[in-house]
Amino acid sequence: MENITPLLAGDKLLDALRVKPLYDESIRYATSEERLLALNDLYDAFHPTSMTCEIYTKLYLAYVRAMKKKRNKKTIQQGYLNHSKVRCDGIIGGGDSFTIIGASGVGKSSSISRAISVITNGVQDACVIPFLVVQTPCDASLKGLLLEVIRLVDSALETHYYRDATRTGATVDLLIGLVAQVCLNHIGVLVVDEAQNLLAKNGKTLASGLVQLINNSGISLVFVGTPESKKFFESAFHLARRSVGLECSKMDFDDNFISLCEELFTYQYTRHRTALTPHLVEWLYLHSKGIVAIVVGLLHAAQEIAILSDLERVDVTTLEMAYKQRFQMLHNYLYNENGKVLTTKKSSHTKEFISIKREAVFCPFSTFAIDAKASEKPIEYLKQHIIVEVVALC
């Protein structure tokens, strides 16, 4: 517990969670090779949201509860060994386990990773792993998950549990006892990712094994998965009781999304810097559906295309090229039944340039048409003010 930081909230928490990679404006004048390599820093940026703050708080409290439960569990065990009566406050059980469920790409895994880093302050104890993240096997094999847990513990603490278990050919029953003792001694919170794999044939067996693991070790358990995993947890009361938690959704078209775009647009590696306009914000939302991973991917791909094709700017042209060339598999998820791009929801925005965008809506189209005709590239001019879909004629 000495490595855990004090519980944070409000602006202090946002500042601690935020990650801003170093950026030097002179990189835009470097060679193409240097700029393409530096472009990868875009993926290192982390913009905290309300979802991230909720995940941080849940993980922090789960870790504190787990450590208290371990103290009580060890006290009980010591009392049994000494044949003495032991007074133990608190409940040992799995009621504090919870789920983090959300669509792919909304930032569940990155938020969990960032929250863990802030909670532990990046310090790893020599004997205890505060948070251990393990993947649910694709076939929901209980034995496979138990072996993976002790393998990861060996990797972090340089122990030999995995070697000893595989050498003796331990059965599932023996592995549950071994892993329970390992969790009691070395793990605070066990995070089980890809929980949707529990829908496989062996899912119920795996869940029952994990419940036994919780009760024997005092560990806190967190399931992380896509919305499909809800079907599994709703199938039985004892599963639903242990899966009350967070449901993460895509970002709304609000100030938080605008702030995300503003922050990401500071990392430009093209020769010409592009100012963030209301049209670009709306275009990014319409073509990402508010999913953070797609927003970052579009900006990365657009800059990569701009550098390689000598266009050297991030605008609607390069963004559309990235969307059509690199994100074809996602088109069916971003369009409605009529084949049109999904529209943004109307909501109040306090950002200044969003209010400017609203004023521009009442500007007559004839004004844009006259200016467009006078320009050398009328289509490019119109794209700066309104959404223009260019359709190829067969």
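Start by selecting Ala140, which is buried, with a relative accessibility of 0%. Keep in mind as you look around that this model is predicted.

For background, most residues other than glycine have a negative phi.

Now select Glu194, where phi is also positive, near 55°. You will find Glu194 in the loop between β3 (187-193) and α8 (203-217). Is Glu194 buried, partly exposed or exposed? Its relative accessible area is 30%, so Glu194 counts as partly exposed.

Next, go to the largest nonpolar core, a set of 38 residues. Highlight Phe257, Leu264, Leu284, Leu299 and Leu319, the members with the most contacts inside this core. Then colour the helices α11 (255-264), α12 (278-288), α13 (292-308) and α14 (316-326), each of which supplies at least two core residues. Which of them gives the most? That is α13, with 9 residues.

Zoom in on Leu284. Setting aside neighbours within four places in sequence, Leu284 is in contact with Phe257, Cys261, Phe265, Leu298, Leu299 and Leu319. A second, separate core has 37 residues, with Leu146, Leu152, Leu206 and Phe223 among them.

Cys127 is partly exposed, at 46% relative accessible area, while Cys138 is exposed, at 68% relative accessibility. How many disulfides does a search of the whole structure find? The count is 0.

Note on methods. Residues numbered from 1 in each chain as written. Predicted model: local features only at pLDDT ≥ 70, side-chain atom pairs only at ≥ 80, totals over all residues. Heavy atoms only, no water. Core = buried A, V, L, I, M, F, W, Y, C linked by side-chain atoms within 4.5 Å. Buried < 20%, exposed > 50% of the residue type's maximum accessible area, 1.4 Å probe, protein only. Helix = DSSP H or I, 4+ residues; strand = E, 2+ residues; numbered from the N terminus. Contact = heavy atoms within 4.5 Å. Disulfide = S-S within 2.5 Å.
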